[in-house]
Amino acid sequence: MAPFPARTDTVAPGDLRGPFDGVVQDQSSGNPIATALIYVTWAYEKLGPLPVPVTTITAQVVTKSDGTYEIPVHDTLDQPGVVLRKFTLLCYKAGYLGYRSDRRWEDGAARRDFAQHGNRIRLERFPEGESHARHVTFLGGGEAVRRAAQAEVVQAALELSEAQRPPPPLKKVEAPPPSWPPAETLLTEADVRDVTGSKLGLVGEPLPDTVMGGANDKEARGLVEYRGVHLRAQGKGESFDAGLRLWRLGSADSVLADLRQALGKVQEGHEVGDVTLKAFDSKRRLYGVVALLRKAGVVAQLSCGASLCKRDEMAVQLLQRALQRLPMPSTNDERAVDSQPPLKLRIQ
Amino acid sequence: MRTRASLALLGGVLLLKVSAAMAYEAHTTLAGLTERAALGSQLHRRLVERFHCSLGLFEPLQLHFPQISDPVLARGLRARLLTLDPAEGYAPAGEAWLKASTRTTPRGSARAPEGAGGEFMRQSALGWLAAGSVLEEMPIARSVHHFFYPATGTGLQRPPGQTSTNASVHAFRAGIASARELLTGAAVDGTGMPAPQWLLDPHNELGLASFQRAYREAVLGETPAARQTALVQVLLSTGAMLAVLEQMGDPIHVRGDLERSLIQEGGLYQRWVSQRYGRAGVPAPASAGGMVRHLSDLFHDTAGNGLAQLTAQRAYPAQEGMYAASAAALLPLTGQYAAKAVDLLFRGMLTLRVQTATDGSQRLMVTMAETTAGPGTIVVVGEDRQGRRQKLAEAQVTGEATDEPLAQLPLDRTAFSRGELRRLAVLYTCTDKNGEPLLLSAEMALQKESDPD
């Protein structure tokens with residue numbers, strides 16, 4: 001026996017098999033709602049001391065232009081020991097609160113006003129601020145309902161993402177960068193001999209910063225540190241020398257731009273750091289290599305005479321060695337944690 | 001006046017029936033509790049963060065039956081899923097139904113259930129979770145393990161005077177056991193494991209061990225189909241474990257005077273709850289509160305704050321006038337504990353960052369937050385443009401606190417160096433400082449997902 005009446009004006013029980021008919025209207029205006037999805041299920045169970053669900057058959061229609069719907073009578077399954085247990089009707093139209101024949105949205109209580117014939121479904125506009133996640137979950141339904149409510153499903157997901165957003169991290173703590181070692185330890189005679197194979201004696205001396213225009217320029221570019229060393233070959237010309245300049249800056253890209261311009265025709269790559277520029281001054285017979293390490297704010301320039309560095313790869317190697325001796329700054333993310341700070345573990 | 005023997009027989013039958021018909025109904029109350037708990041937990045965020053499910057709880061996920069290694073398990077799972085009612089929102093749709101071009105059937109209803117046909121079924125993550133809660137009560141015999149008497153720490157027990165043979169025969173007559181089960185001795189014998197122990201039982205294919213196995217596969221599985229199937233199994237296991245816990249909010253499941261309660265009441269309260277709230281009307285959980293240390297603490301703890309203990313402390317709703325007040329108190333409390341269980345199973349967060357050294361070498365930096373951990377293993381896998389994953393690195397991690405990240409793993413595998421990989425995923429398997437198993441994972445994109453192949 002169906003838990004709903006045959007018609008709205010009688011208490012005589014309806015028939016789970018149907019047929020079903022009714023009209024869908026806007027709650028406020030009373031206007032019919034066309035193309036609303038009507039989704040129905042017939043649930044079967046196996047007879048016995050304990051009810052055991054067996055299967056569920058579904059059907060769907062959309063309301064006509066006058067808001068009416070008709071569900072034809074259901075041909076019950078012809079299986080021994082299996083009975084039709086339950087009928088459920090869902091109605092969904094985007095922009096409205098959904099309707100279930102068994103349960104009310106307002107208080108979750110059982111619905112008592114559904115009828116087999118002449119059923120009147122009054123859909124209320126979806127209230128602003130109401131939870132789409134809660135509504136989609138309340139509605140239930142099979143694949144047809146999920147497809148019809150796809151836009152609302154996306155809204156539900158966004159709503160949950162917003163509600164469950166993790167706490168924002170505390171401000172990023174930049175550890176003060178460690179000071180650079182003296183220039184003469186960054187590029188040594190031993191390095192040059194090792195990379196180039198040269199047996200010449202080299203003397204190291206400070207190399208002043210001639211790239212920066214002056215105090216104003218240094219301030220504008222946020223200069224933190226500079227190191228420069230010139231390895232001069234004793235008794236030989238400039239093409240037997242090597243020089244290294246290193247800057248740590250707030251705006252490293254601007255210095256890179258200046259150096260790129262100074263080098264003229266350059267070959268750009270990524271052998272060292274984020275950007276590597278290589279050039280050859282044929283007049284002075286000098287290889288020049290410039291590298292940018294953007295995150296660390298470091299620009300490095302190495303010059304090597306062609307009589308010392310036979311190929312540009314040697315200049316690149318010398319620059320790599322120097323940069324490996326630079327201590328790089330680290331950052332610590334301190335994330336707000338409800339109870340305990342993050343545990344940091346050491347690899348065995 | 002009933003004799004003791006007949007009382008014992010009656011109690012035996014009622015004992016066996018209680019879990020099926022007089023407990024919180026799985027397809028309404030338990031499913032509704034699970035859904036509300038999930039919405040109130042962090043699971044949506046975890047699905048987004050850990051598994052790249054952009055819709056979180058509403059992400060459609062496919063269960064590919066050929067990916068389930070045990071064909072018997074796969075067949076049984078499909079059969080049970082086909083019995084679910086789509087009206088409740090947790091019945092998955094089958095491949096054949098999804099591919100059919102015509103949906104509207106104005107002249108008559110379809111003849112086959114929506115889940116039938118094809119090699120996979122599809123449902124939202126939340127739907128799979130709720131389905132798991134319903135499946136935990138299928139078959140009915142599983143529910144003998146949903147009892148726990150906090151005063152004694154025991155599960156379902158036979159009433160005095162009833163033998164296991166008697167109980168098995170009555171189970172057969174009650175339709176709870178089949179003739180085959182009766183003949184082979186596998187029929188319900190009126191006893192069950194304590195509910196917390198059932199979650200840990202290796203024979204429980206929807207328990208904690210299954211959850212852990214599936215979780216690993218959901219991260220490390222080679223193909224997208226394998227990983228998505230495993231993720232569905234994670235959710236089914238989670239939903240099933242929640243159902244066992246939620247039954248601790250049912251007074252019948254936590255009382256030592258079961259027989260007296262049954263004979264006097266016969267589970268009318270539980271039926272009233274199902275009729276009053278259904279699935280869609282189950283009230284929201286109470287606010288979550290703090291995290292527990294152990295999964296078992298949700299059932300019982302030394303302070304008496306386990307759900308079974310709190311439920312048992314309440315006066316049993318012996319009359320209809322008490323049902324509304326009991327439900328108003330117990331359902332939100334049960335939902336709260338279910339939400340805590342979800343947050344415990346999915347606790348913690350990993351963050352990933354690829355760092356490039358000055359010499360061009362690359363390392364994966366793994367950091368952890370929101371929880372504490374102990375010794376364990378980190379596995380890194382790379383995913384290519386076809387979605388296939390391969391292991392890139394593995395490291396053992398100790399529980400020493402240092403200033404370093406959780407792990408720094410070199411990424412010098414050829415595929416990674418050549419830029420052929422689209423994503424990295426990390427699985428961290430360990431036990432936390434409370435001795436509780438912990439699985440954490442994270443993914444990161446290495447290039448735009450929309451980059452052409």
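Here is a short walk through one hairpin and a few salt bridges in this structure. The model is predicted, so to speak of local features takes pLDDT of at least 70 and side-chain atom pairs count only at pLDDT 80 or more, while totals for chains, interfaces and linings use all residues. Residues are numbered from 1 along each chain as written, chains are lettered from A in the order written, and side-chain values use heavy atoms, without hydrogens and water.

Strand 6 (residues 376–384) and strand 7 (residues 389–397) of chain B pair in the antiparallel sense over 8 bridges; strands here are DSSP runs of E with at least two residues, numbered from the N terminus, and two of them pair if DSSP finds at least two bridges between them. B:Thr377, for instance, has B:Gln396 in strand 7 as its bridge partner. There are 4 residues between the strands, and B:Gly387 in the turn has a positive phi of about 85°.

Now for the salt bridges (a side-chain nitrogen of Lys or Arg within 4 Å of a carboxyl oxygen of Asp or Glu). The whole structure has 39 of them over all chains. In one, B:Glu88 and B:Arg279 bring N and O to 2.7 Å. These two sit 191 residues apart, and both are buried, meaning under 20% relative accessible area with a 1.4 Å probe, protein chains only.

B:Arg423 and B:Glu443 make another, at 3.1 Å from N to O. Because B:Arg423 lies in strand 9 and B:Glu443 in strand 10 of chain B, the pair ties together parts 20 residues apart in sequence. B:Arg423 is buried at 5%, and B:Glu443 is buried at 16%.

Methods: Buried < 20%, exposed > 50% of the residue type's maximum accessible area, 1.4 Å probe, protein only.
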